[in-house]
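Thank you for letting me take a few minutes of the meeting. I would like to walk through one model slowly, and I ask you to keep the picture in view while I talk.

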Amino acid sequence: MTDSQQELKRGLKNRHVQLLAIGGAIGTGLFLGSGRSISLAGPSILLTYLITGIICFFMMRALGELLLSNLDHHSFIDFVEEYLGDRAAFITGWTYWFCWLSLAMADLTAVGLYMQYWIPWMPQWIPALIVLGILLVMNLTAVKHFGEMEFWFALIKVIAIVSLIIIGLIMILSGFTTNAGAAAFENLWNYGGWFPNGTMGFILSFQMVVFAFTGIELVGLTAGETENPKKVIPMAINNIPLRIILFYIGSLAIIMSIYPWIAVDPNSSPFVAVFNAVGILAAASIVNFVVLTSAASATNSGIFSTSRMIYALSKRGHAPSRMKRLTNHAVPYQATLFSAAALLFTVVLNYVMPESVFIMITSISTFCFIYIWAIIVVCHLKYRKQQPELAKQSTFKMPLYPFMNYLILAFFLFILVVLALQSDTRIALMFTPFWFILLWAFYSMLAPSDDDESNNN
């Protein structure tokens, strides 16, 4: 392709983006990690999800207004460069690349672990390598194939959650009895009230819930490849509250109504317990299949997002120029191969150190995601202040500006304090500043004469 043709194509349809938004808001943490969340906070976990969901919704409204203010910009990184300067775009772009790379590494490892449930003798690096190869091929063909895979991955998760809610409601309304007693909505508050572990249990639950929402901003990378973005993106963002209420709050409320929070095993999936209770013998295999597809979905999103970020960085000179080359189907193939090669390191780790875990790297990733979300909100503030006439013409304004912007930033600061309270994330908090110092210094070496501060004024 010639230089004039080196542009992404709008190959993502409405159904792709809608299910992509759902997939970004539903992770394996709901299927496997919800037991631990419930045991930590009890019924107050519902309030944690509600508060975090509201904050994420307003953050996404800020992102949506930014994206629709200039459809020539292909991702939120373009707005970072416009409103915060070239250095900020460099740091934010590579930080977002690292966020998704680390998540994809962890989920690719999870693919191998989940496959061992059915084939315990298989080394976990083999399924990781196979899945990486399949996803790479699909991502190299056309963006619509990425969207199609994410559509079906997300649909599997939706079907699993809706099935749980329907089965659970039938159990509750019929007074179904489990080994923990009769299923009833009263189980939500009959065992120590809404805050059985006190304020601290409630506060500490925010760490897991915030991590569960990482990836929700992925819609912000699809703007340049979405058909009719003025209609599709607002629809995807406005449906976020309904999805949070249905998928997270709805499913967890059903689980704690069937099994009182004190009866939920923190080390196993409550989804398995519910399906087992009604006599579904293959319950564990069904849930394992769902989390396997969820992990594959996260890896797929990781390949897509990291490749598009490298492409965007390359277009502004922050990555090698060859990374912006596209195939005839408008896929940044060099950026995709580079990101897949980085993920291949995960396969090597699973071969050399199969027992290793990625606690440190995923913890650092959580801090970096909070930085990304905060940058989006700050860019929205800058946009409203610097482009008041353009903002007046917006048909998709963020509500409660600027109060909500500052409230969101205060919430993110609160989350950092919460993360500092826990030993396993406190170590990551101490190491994360070195990542930003490294990027700051690296940018200075690449562009020592650049005066990006002038863009901030």
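Predicted model: local features only at pLDDT ≥ 70, side-chain atom pairs only at ≥ 80, totals over all residues.

Pro402 is found in the loop that runs between helix H16, residues 388–392, and helix H17, residues 403–420. The peptide bond that joins Tyr401 to Pro402 is cis, with an omega of about -5°. In that loop between H16 and H17 we also find Leu400, and Leu400 has a positive phi of about 60° although it is not a glycine.

Let me turn now to helix H4, which covers residues 45–69 and whose axis comes within 9 Å of the axis of helix H10, residues 229–238, the two crossing at roughly 175°. How do H4 and H10 run relative to each other, parallel or antiparallel? An angle over 145 degrees counts as roughly antiparallel, and H4 and H10 are therefore roughly antiparallel to each other. On the H4 side the residues that meet H10 are Phe57, Met60, Arg61, Gly64, Leu67 and Leu68, and on the H10 side they are Pro229, Lys230, Ile233, Pro234, Ile237 and Asn238. If we sort the residues of this contact between H4 and H10 by class, we get 8 nonpolar, 2 polar and 2 charged.

H4 has another partner in helix H5, residues 76–84, and here the axes are 10 Å apart and the packing angle is about 80°. H4 and H5 are therefore roughly perpendicular to each other. Leu63, Leu66, Leu67 and Ser69 of H4 make this contact with Phe76, Phe79 and Tyr83 of H5, and by class it has 6 nonpolar residues, 1 polar residue and no charged residues.

Going back to H10, we can follow the chain to helix H11, residues 240–258, which packs with H10 at an angle of about 35°, their axes being 4 Å apart. Ala236, Ile237 and Asn238 of H10 meet Ile240, Pro241 and Arg243 of H11, and this contact has 4 nonpolar, 1 polar and 1 charged residues.

What lies on the surface? Leu47, Leu50, Ile54, Leu169, Leu173, Phe185, Trp189, Trp194 and Phe195 form a nonpolar patch there, and together they have about 830 Å² of accessible area. H4 and helix H8, residues 143–173, each supply at least two residues of the patch, and H4 gives the most, with 3 residues. Trp189 has its place in the loop between strand E2, residues 181–182, and helix H9, residues 198–212.

Finally, how many salt bridges are there? The count comes to 2. In one of them Arg384 pairs with Glu65, the closest N and O atoms being 2.8 Å apart. This pair links distant parts of the chain, with Arg384 in helix H15, residues 359–386, and Glu65 in H4, 319 residues apart.

Notes: Residues numbered from 1 in each chain as written. Heavy atoms only, no water. Axes fitted to C-alpha atoms, helices over the stretch in contact; angles between N-to-C directions. Parallel < 35°, antiparallel > 145°, perpendicular 65-115°, else oblique. Contact = heavy atoms within 4.5 Å. Nonpolar A, V, L, I, M, F, W, Y, C, P; charged D, E, K, R; others polar. Patch = residues over 30% accessible without salt bridge, like charges linked within 9 Å, V, L, I, M, F, W, Y side chains within 5 Å. Areas by Shrake-Rupley, 256 points an atom, 1.4 Å probe, with all protein chains shown as cover. Salt bridge = Lys/Arg side-chain N within 4 Å of Asp/Glu carboxyl O.
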